[in-house]
Amino acid sequence: MDARDSLARFRERFCIPKTKSGADWIYLCGHSLGLQPKTARSYIEQELRDWADLGVEGHFHAKNPWMPYHRLLTQQTAALVGAEPAEVVVMNSLTVNLHLMMASFYRPTPQRHKILIERGAFPSDQYAVKSQIVFHGFDPAVSLIELTRREDESCIRNEDIDSVIEREGNSIALILLGGVNYATGQLFDIAGITRAGHAKGCTVAFDLAHAAGNVPLHLHDWGQDFAVWCSYKYLNGGPGCVAGCFVHDRHSHARHLPRFAGWWGHNEKIRFQMGPEFQPMAGAEGWQLSNPPILALAPLRASMEIFSEAGMERLRAKSVSLTGYLEFLLHQQASSSFSIITPREEIRRGAQFSIRLPHQGRALCDRLAAEGVIGDWREPDTFRVAPVPLYNSYLDVYHFVERFSAAL
Ligand SMILES: Cc1ncc(COP(=O)(O)O)c(C=O)c1O
């Protein structure tokens, strides 16, 4: 399979960490922190050189002038998430963007004040939505609805999501789900949930931290109001890298929307007139606050160029096959000491595979890590691994299962 894989050559473009004996790590952790593209260093060095040589003049005269630098990422980001260029911007970090978006799009009223999330959403999302509810003078005990899975099941059923939206929709102000749940790896039906939510008059949004660069997205056509994601997981932008944000173009000229403003979201034609009145730029850029961190954007450029070359559809095809291979091998190990909680249907999952290890799972995860077999542990009982199509091989998956079984 590796010999036939037309994407196999992309592995060479990444720094694969090594064991003391010089063997490549079996790194199945791109759902947490993607590996470094080898070109990241030269992209950062270019900006360091221009800063050294040009000082403030770099804003206009750097090889890649810093003033419009963030736009070097716009086309590729839009293509990656299926958006119009004006609908996306790379800025801030994920939770910051989530709050900025909620400042504009969570407008609770006494009749419609609820937020719908999934139980077990990533904690930052839970804290963010609860704090927004409180900020608006409502009570999370009343205004937060959590989608739950049925007893003895590990993922949330589509029909259960539909029925909650049908039942509660008239009081829901905002639906905010993870595109792919961080713990179970469940991929939600983003288009279907958006349709159902809009039919009830709700604002619909997604946290795509585990979906961007993992599964194909068509945000413009699916029509959700906003989406946010980070760039350090599947997008390989580096630790804490600058995040992404999508605002559907139906809101692009919505000047009436309240927003937390900063000078980088202000009409760039008159930004340096230093006037006192904020005029937001059209599109997602109108939500920017600050001038962007060039040194953090540079490695993301390196990675996004690789994504554009590989193409998300091809990556998805390999990903389905790689994760399917992992599933096949794990099933052969049939053992009562672990179970798989990620959905079996490929349309309900991305690259990630979540393995429930109720007994001493953490110790097993640590032991594998000491051997250079890297997944990660999420309390209380989940071992997450993700074969990433850009740099993982079928052999990685094979060796992982071999080591995992031995460690079990
Ligand atoms: C689903 C999800 N949401 C939010 C976050 C928080 O991201 P940040 O620390 O970049 O704000 C993470 C981080 O892993 C995440 O996985």
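The following legends describe close-up views of a predicted model.

**View 1. Helix H1 crosses helix H10.** Helix H1 spans residues 40–54, and helix H10 spans residues 294–310. Their axes come within 8 Å and cross at roughly 145°. The crossing of H1 and H10 is right-handed.

**View 2. Residues at the contact of H1 with H10.** On the H1 side, the contact is formed by Ala40, Tyr43, Ile44, Glu47 and Leu48. These meet Ile294, Leu295, Ala298, Pro299, Arg301, Ala302 and Glu305 in H10. By class, nine residues of this contact are nonpolar and three are charged, while no polar residue takes part. Glu47 in H1 and both Arg301 and Glu305 in H10 belong to the contact and count as charged.

**View 3. The surroundings of the ligand.** Leu94, Thr95, Phe122, Asp125, Asp207, Ala209, His210, Tyr232 and Lys233 surround the ligand. This shell comprises four nonpolar, two polar and three charged residues.

View 4. Taken alone, the ligand exposes 400 Å², of which the protein buries 81%.

**View 5. A cis peptide bond between Glu379 and Pro380.** The omega angle of this bond is about 5°. Pro380 is located in the loop that runs between strand S12 (376–378) and strand S13 (382–385). Most peptide bonds are trans.

**View 6. Asp152, a residue with positive phi.** Phi of Asp152 is near 70°, a positive value in a residue other than glycine. Most residues other than glycine have a negative phi. Asp152 belongs to the loop between strand S4 (144–147) and helix H7 (158–168).

Note on methods
Residues numbered from 1 in each chain as written. Predicted model: local features only at pLDDT ≥ 70, side-chain atom pairs only at ≥ 80, totals over all residues. Heavy atoms only, no water. Axes fitted to C-alpha atoms, helices over the stretch in contact; angles between N-to-C directions. Helix = DSSP H or I, 4+ residues; strand = E, 2+ residues; numbered from the N terminus. Left-handed = near helix turned anticlockwise from the far one by under 90°. Contact = heavy atoms within 4.5 Å. Near = heavy atom within 4 Å. Areas by Shrake-Rupley, 256 points an atom, 1.4 Å probe, with all protein chains shown as cover.
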